[in-house]
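Colleague: I am new to this structure and would like to go through a few of the terms used for it. Could you take me through them one by one?

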Amino acid sequence: MIRFIVQLDQWTVNRLISEHNHELATPSKRYLLKPARSLSGAKANVIDSMVSAGIRPTYVYSYMSNEVDGVENTGFTKRDCYNYVNRQKMLMIEAGDGQSLLNHFKVRATEDPMFFYTVQVDQENRVTNFFWRDSKSRIDYDYFGDVVVFDTTYRTNRYNLVCAPFVGINNHRQTIMFGCAFLLDETTASFTWLFRSFLQSMGDQSPKTIMTDQDHAISKAIEEVFPDSCHRLCLWHISKNAPSHLGSLNTNPEFHVLFHKCMQGCESKIEFEETWTKMINDHNLQDHKWLKGLHKCREKWSTAFSIDIFSSEIKSSQRAEVTNNVLHGISKATTSLTEFICEFENLMAKWRSSEAEKDFQCNNGSVKCAIKNCGILIHASKVYTHEIYKRFEKEFLDGIALTWREVALNDTVHTFEVMMEENSSRIHTVQFNTSTLEIQCSCKKFEFLGYLCSHALRILSVKNVKKLSEQYILKRWTKNAKKKVYGDNVGLLLQQCNAETETVFRNRMMRFAYDFIIKSQKNEKTRQLCQKVLYEGDLEVDKELTKFFVNKDNKIRGDDQDSFGPVARSSKLFVNSIIFKSSIFFKI
């Protein structure tokens, strides 16, 4: 190490350490040294302009390095670029706006006991990332949180923050919101923090499937936080990004037929590989960098690799497209964070009002079956929501035209081959057990979509089955989808007395009670009914609890306190309040 003092253009060495504790940087790595890196005004202006146009920092850096023939000539690293963009964002976020947003969250938390929000701060205690969700989102996640779409393509206009909503679909196939976040950057650390916050807010329940954009940082965070979830890439995002990589292929119809078949038209891995190979060879694309990268992660986006994984039919991720367009509609260039949140909440209110209308229509109306006196259709129309029934009915009608032949019989298991017509190249194998009424099809549509396919329904018709077996009615698609959660395992929860189980039980019942109260609040008669049910239930619980705490002389039992766990050890005041209320209403 050497240190100079410069005075009147004269350089004087005032410190010298001749030994090095590291290897000297080679000429090819010299650009990584801190003294060799700087973000000049001109370079900073280019970054500001491109980021303001909605271009991600990683693409900005890639563009600028290509313009000067390599990263060694840019004068700064990708990390320098990220750090600069983040510093500019932090300077832009007004202190008053950030505090106003936090104040808004605090008010919402007092109004809504199940409202959840969390923020992340940097080393200087400045807010960098936000996440929030309300009670309805938590309840919806209990019902429909099996598939989640996570979208990061939208940016807030005022600060260019990443707006990252978690969305899904309900039993009417309407878009629902599970939560939303503002992120300062798109690093693995930020996504990991966000996913952990989301998981915490949802009672540590991971989704079965999570769909995202093709992003390395997101993939790494999902591997860490959601290791048991199936990670899929949104086909909408791939289709949106494809034109910028395909060049002249964008106008080639033969290529597009094969490309779209690879995305969602192949029913097996073998068929996918054959179609992909034909596409590559026919158009001489062996060295196409983007397609080679896409092929490496084919298990995450091609439906051929996920036919047995439930996805609720979000093939092209229309939910991400719809949400993105809606978010653009509620934000302007001058919209503050708090204003955005208020508009966001208004949007959620409209979505939920539409959902309530659909619930009412399903519970108070009926659909007309295409075939009268058809047992399976009549049964399906009674259990499924109207939207799902229409899709089920289409499968049933499509099955009528199918040709079939029985090819094997093993005890009570019949094996059929089902096809569009004789000598068809695409044949589906259906196995039906006449004893247990179990049915399986090689197309795996039930596993993928949650309702039976045309091939299976054709065989059920042939075997004169009049009613769907309960195992093939997925509860999340039914009219009663929202009545499934809180009764599950309540007996088991009551039998266990450890602190964790009590917390789980309390949270589950709070969500049930909240949903119950919300449904009853708009009508005076339902309000009175709600009050009556809760009041009478409270008295019954108090009466039951006295059996654990008091004897015939209304004295506290010491022997039972420890056996009843933490509740029994609370205080004599609690017990006395029970005795007081019970003595009034039950004449103890």
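**Salt bridges, burial and strand pairing**

Modeller: Let us begin with R391 and E387, whose side chains meet in a salt bridge at 3.3 Å, N to O. This is a predicted model, in which local features need pLDDT of at least 70 and side-chain atom pairs count only at pLDDT 80 or more, while totals for chains, interfaces and linings use all residues. Residues are numbered from 1 along each chain as its sequence is written, and side-chain values use heavy atoms, with hydrogens and water left out.

Colleague: Why is the contact between R391 and E387 called a salt bridge?

Modeller: The term requires a side-chain nitrogen of Lys or Arg within 4 Å of a carboxyl oxygen of Asp or Glu; the N to O value for R391 and E387 is 3.3 Å, so the pair meets the definition. The two residues are four apart in helix α16 (residues 386-400), and therefore separated by about one helical turn; helices are DSSP runs of H or I with at least four residues, strands are runs of E with at least two, and both are numbered from the N terminus.

Colleague: What makes R391 and E387 partly exposed?

Modeller: Buried means under 20% relative accessible area, exposed means over 50%, and partly exposed lies in between, using a 1.4 Å probe and protein chains only. R391 has 26% relative accessibility and E387 has 28%, so both fall in the middle class.

Colleague: Which parts of the chain does the salt bridge between D146 and R476 tie together?

Modeller: The closest N and O atoms of D146 and R476 are 3.0 Å apart. D146 lies in the loop between α5 (135-144) and β5 (147-150), and R476 in the loop between α18 (454-462) and α19 (490-495), so the pair ties together parts that are 330 residues apart in sequence. Both D146 and R476 are buried. A search of the whole structure finds 19 salt bridges.

Colleague: What makes β12 mostly covered?

Modeller: Five of the seven residues of β12 (residues 413-419) are buried. Strand β12 is also joined by six bridges to β13 (residues 428-433), and these two run antiparallel.

Conventions
Pairing = 2+ DSSP bridges.
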